[in-house]
Each structure stands twice: as structure tokens, then as C-alpha cells.
Amino acid sequence: MQVFSKLFRKFFHNESGWVTPFSLLMMVVILMMGGLAIDYANGLRVKSQLRAAVDAAALAAVIDLPDTTAATAAGMAITNAYFPSERGRKSINPSDFIYGFVDDTTGIFVQGAAPTNAVRVLAGRDNSRGNPLATYLLGIVGIDELEIGASAIARLKSNAKCDNGGFFTNGMVVGQSTNSFFDGFCIYGASGVSIQQDNKFGVTGNNQGIEVGMNNLGTARPRVGQSQEGNVNWEKSLEERDYTLQWPGKINDIINAMETATSGSIPGFLPGNITSVLNVMEINGKKYKLANGTERTLVENTLYIVSKTADFGSGNTIKNIAVVAVEKIVLGGNTIANNVFLASRTDLDVASNSTIGPSNICSLGQYDSYLLSKTHVKIDSNQTMRGVLIASTLVISLQSTHPEMRGVHAEAGTGLTFQSGSSGSVTSNFYGCPNGLATVYGPGGLNEPGVPPNTYALIQ
């Protein structure tokens, strides 16, 4: 200890000047530590600003989904208004808005996946953007700039219950036997739901979010507490509730708008590919007839205003057209249809063995086709329908045996019936689309009144 004591006394009393380099070294260390603290605190401040910016931009953008152009514009408007550029360069640019899909169950963002229900927004102060964060004191040790980034993901989710697909009526739903319902498919009859035996609601032990709703559970058949008559998950699916139908009350206005349309004024609720309008007397097969008797071949991307019957015949393929008819509309047997909008002032019939809509409808996220009638929509047996919205002011009836009804939403003003689902080895299978389907046709589109608004949430 005496040796160390002598050394320290010698150090503090030495005036030879060799301590100066040591002092300078200590000063550099102290400046580095101070600079680190100051620049670190400044970096945290900027990081917080970037985080606030991406949160605000993501929430502004997600409201306009699935329209990604409008979403990016909304996000950039918030960015430009509240987060000024640095060194003339922005921390968020239009290319920083990345769109994709977030699944309810996993919460994982998949870039570019459909349906588009989420946006990731990136922000940065970095060299690639030309706006790195300049340091205050770390430059002494050669650190002149810091690169800082932030990101946020926002997603939308519909609050509308039973938006996966289903049967809905203000009257009674009457169903027969051996039908199967999966993936959140709903059945609602304000006056009650009556079914026969051996129907399946989900799978054994799991009703998969199926809901069978009515205003008074006393109108359920089979009755609550009695034998379920082989109906799997029947009582588990029952719910006393009210549901506001959206479509039967719109049909007359939709028809009026279609009948008065011109090529320069096409209703916004029609598919965007509809660019022309023709007034014709009738449609027979793949031809239409003018008032003077002239016949011509149907053309895609056209709205046909028909003064009599529109009968598309059997075995034909129709796509990318809209039709409004004073009299009946008929899709004959073995019809293949995609992206059609059909509305009749009387009946609308779909004959057996037809296919409407693509197989990947749930991933597309929006309805493919619309079948509307002021009186009766009749769906014959053995149909494959995907992403079809069906509505009648009065009645909808489905005959037996439909191998695949997926993402089908049917609303009837006064009553809805479906027949037995089994014919030999074929059964009826009704599926919901787990993330719902949207009507997303542009300005003037058919926005459902009475449906709770979407919710928007940051998830990262």
C-alpha cells in the first residue's frame, strides 16, 4: 500500500507536463459519453416522431381500403400536413405504402395478398432517402449521421355480423333436410327458422361460427330443448337477435337507375367494366333483338335495358354484362356466368347445373355477380355459386342439391326456402367466406345502410 501511495503522490505533484495527453484522452472520453447521451436522446425523439407519423398515415390510409390509390393519397395528405420534410426530403413517400392481407387467426401481414384489408407504412431518416439524422457531438469521433426507421401496420375489419354469407328474410326461413353449413354461414328469419332433420351446422363439436338467428327463439323448429332430430350443432347455433336486411328495399331504386342510364351516365354501382348502354326489345340466347326486329350478338361491357324478356338459353357462357328487364330474366341450364349484374321487375330464374363465380372468390374479397328481382328469385337444383349476391323484394327459393354455394348472400323481403340437400352421392354445401365479401363498386356504389361501420386498428 505504501508503494501505491508514493506513486499517487508523485503523480499529483509532478509538473513535467506528461499528464496533459492523459487529460486530453479523458476529455475525449467524456465528450464521447456526453455526445452519445445527447445524440441518443435526439435519436429517440426522432424515432418517436417517425412512429407517430407511420401510425397516423396507416390509420388514414386503411379507411379507404380496398382502394389502394385513394388510401395512399389519404396517407400522404396526413404526412404532408403534419410531418414536414427534412433537407427537402420526406420521411414517408407514396412507395412506402405497402398493401396486403392480415388473417384474423394468425395476425400475420402478407404483402400483396388478397383481399386487401391492411396497409404497412414505412418511414425513415436514412441515406437512401437523403435525409439521415445529423449528430451533434458524435461527429468528434467520426459519426456524423444516424439512420432511423419506423413502420406500422393497420387493418380494417367489418363489424357487420353475418357478413360471410347466408340466408336472410323478414319472414320465415323454411329448410328441408341433409344440408351442410360451414365457415360462419348465417341463417336469419325474423319470423322464425324451421328446418327438418339431419342438417349440419359446422362439424361435430364445432359450429364454426354458424348462426341461426330470429327475433324470438320460440319460433325455432325444432324447438329449443327438444330433440334436435339429427341436426348437428343446432341449439349451439341458435341466437335471438335482429338483423336489418339491406337489399330488398333497394331493388326498385336500382332498377330505376339502370333503366334511365345512358352511356354518358352509367350508375356507379355497376361493375367498372360497363362502358356502354343499349336499349333492346329482348334477349334470346347470345343474341339481342332491337325494336325493329334486327338481331345482333351480345357484346361484353354493356348494360342492356330490355323491354321484354331476357332469356340467355342453355349451355351458354355470359360474362361482363349488366341487364335490367321489365319481364323475366332466365339463365338456362348449364350456364356459366362471371361478373354479371341482372335485375328484373318480375322473376329471375337460374336453371339447373349452372356455375356462377370463380373458385377463388374468398381470396378476391368482393362479390362476383348480382341477381335481383322484384318478385321471385328461383334457383333450380345442382348449382355451383361463388360470390353471388341474391335479393328479392318478395321471395327466394332454392331447390335441392347444391354441391358448392360459397360466399352466397341471399336476402328476401317476405320468405326464403331451401330444399333437401341430398341426391344420391351429392349433398348441398353452403360455405361462408371467413373474411367476408364486399360490394366495392366506385362512387355511387351500393353501400349497405344499417351495417355498423368498419373498425380500424393498428396491429404493429
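A residue is called buried when its relative accessible area is under 20%, exposed when this value is over 50%, and partly exposed in between. The legends below use these words for a predicted model.

**View 1. A disulfide joins Cys362 to Cys433.** The distance from S to S is 2.0 Å, and one disulfide is counted in this structure. The pair links distant parts of the chain, 71 residues apart. Cys362 belongs to helix α6 (residues 361-364), whereas Cys433 lies in the loop between β35 (426-431) and β36 (455-458). The link of Cys362 and Cys433 is left-handed, with -80° about the S-S bond. Cys433 has a relative accessible area of 0% and is therefore buried. Cys362 has a relative accessible area of 21%, so Cys362 counts as partly exposed.

**View 2. The largest nonpolar core contains 50 residues.** Within this core, the residues that touch the most other members are Phe312, Val323, Met385 and Ile390. Strand β21 (residues 317-325) contributes the most to the core, giving four residues. Another core, of 24 residues, lies apart from it; its members include Ile251, Val277, Ile305 and Leu389.

**View 3. Val323 and the residues that it touches.** Residues up to four places away in sequence are not counted here. Among the residues touched by Val323 are Met258 and Ile283, as well as Leu303, Tyr304 and Val306. Val323 also touches Ala310, Phe312 and Ile329. Further contacts of Val323 include Phe341, Leu342 and Ala343.

**View 4. Side chains alternate along strand β8 (residues 172-175).** Val173 and Gly175 point to one face and are buried.

**View 5. Strand β8 is joined to strands β11 and β33.** Three bridges connect β8 with β11 (residues 192-194), and these two strands run parallel. The bridge partner of Val174 in β11 is Ser194. Four bridges connect β8 with β33 (residues 415-418), and this pair also runs parallel. In β33, Gly415 stands opposite Met172.

**View 6. The protein chain as the setting of the close-up views.** The secondary structure of the chain comes to six helices and 36 strands. Of the 460 residues in the chain, 46% are buried. The chain exposes about 20900 Å², of which carbon and sulfur atoms supply 55%. Among contacts with a separation of 6 or more, 55% are between residues 24 or more positions apart.

Note on methods. Residues are numbered from 1 along each chain as its sequence is written. This is a predicted model: local features need pLDDT of at least 70, side-chain atom pairs count only at pLDDT 80 or more; totals for chains, interfaces and linings use all residues. Side-chain values use heavy atoms; hydrogens and water are left out. A nonpolar core is a set of buried Ala, Val, Leu, Ile, Met, Phe, Trp, Tyr and Cys residues joined through side-chain atoms within 4.5 Å. Buried means under 20% relative accessible area, exposed over 50%, partly exposed in between (1.4 Å probe, protein chains only). Contact means heavy atoms within 4.5 Å. Two strands pair if DSSP finds at least two bridges between them. Accessible areas come from the Shrake-Rupley method with a 1.4 Å probe; for residues, only the protein chains shown count as cover. A disulfide is a pair of cysteine sulfur atoms within 2.5 Å.
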